[in-house]
Amino acid sequence: MLTTATANSVPAAASPYNSTVATRLGRRRIPVHTTFYWGHKMDILFHCWPGDSAAMYAVALIVVFAMAVVVEWLSYTNIVKVKNDVVKGLLKTGIYGVRSAVSYMVMLAVMSFNGGVFVVAIVGHVIGFLIFGIILKKKNKNDGLELDSSKLQH
């Protein structure tokens, strides 16, 4: 019989095809999955969140989706409009730090191995890229060209 170790190093009996390892935290046993699974009973990022509630799982999916969109927005936005180069550099560095932190939060959520979390993270990145990387970038480029051509005509 094969055994695997749990997160607190207590051996647990398992078949070679078992995709979960149960972790004992207090009175509650939390399955730690090693392959993708489709269920709403899980923990993402924080202990007991979303837990066993399907409604909180839906909220968690919305939060992961929103974080992925925010990552793309921070990647393609140019919200720093300061003339001072030092202040501009510090603000851009701060935005980069926030983007990195949110990116890692999305990555940690995906590491829960929940199929729904994986799908909404990818869809959030794709939608964010579509909106901020293609549509708004193209719109801003066209607005800039229209302004330049209107200056030449007058």
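## Position of asparagine 114

Asparagine 114 sits in the loop between α2 (85–110) and α3 (115–153). Helices (H or I, at least four residues) and strands (E, at least two) are DSSP runs, numbered from the N terminus. This is a predicted model, in which local features need pLDDT of at least 70 and side-chain atom pairs count only at pLDDT 80 or more, while totals for chains, interfaces and linings use all residues. Residues are numbered from 1 along each chain as its sequence is written, and side-chain values use heavy atoms, with hydrogens and water left out.

Asparagine 114 counts as buried because its relative accessibility is 0%; buried means under 20% relative accessible area, exposed over 50%, and partly exposed in between (1.4 Å probe, protein chains only).

The side chain of asparagine 114 lies 2.6 Å from the backbone oxygen of glycine 39. A polar atom of that side chain is also 3.2 Å from the backbone nitrogen of valine 117. With neighbours within four places in sequence set aside, asparagine 114 is in contact (heavy atoms within 4.5 Å) with Phe36, Tyr37, Gly39, Met42 and Tyr57.

## The chain as a whole

The protein chain has three helices and six strands, in the order β-β-β-β-β-β-α-α-α along the sequence. Among contacts in the protein chain with a separation of 6 or more, 46% join residues 24 or more positions apart.

Of its 154 residues, 25% count as buried. The protein chain exposes about 10,600 Å², of which carbon and sulfur atoms supply 67%; accessible areas come from the Shrake-Rupley method with a 1.4 Å probe, and for residues only the protein chains shown count as cover.

Conventions. A polar contact is a pair of N or O atoms within 3.5 Å; within protein, one must be able to donate a hydrogen and the other to accept it, and residues adjacent in sequence count only if both atoms are side-chain atoms.
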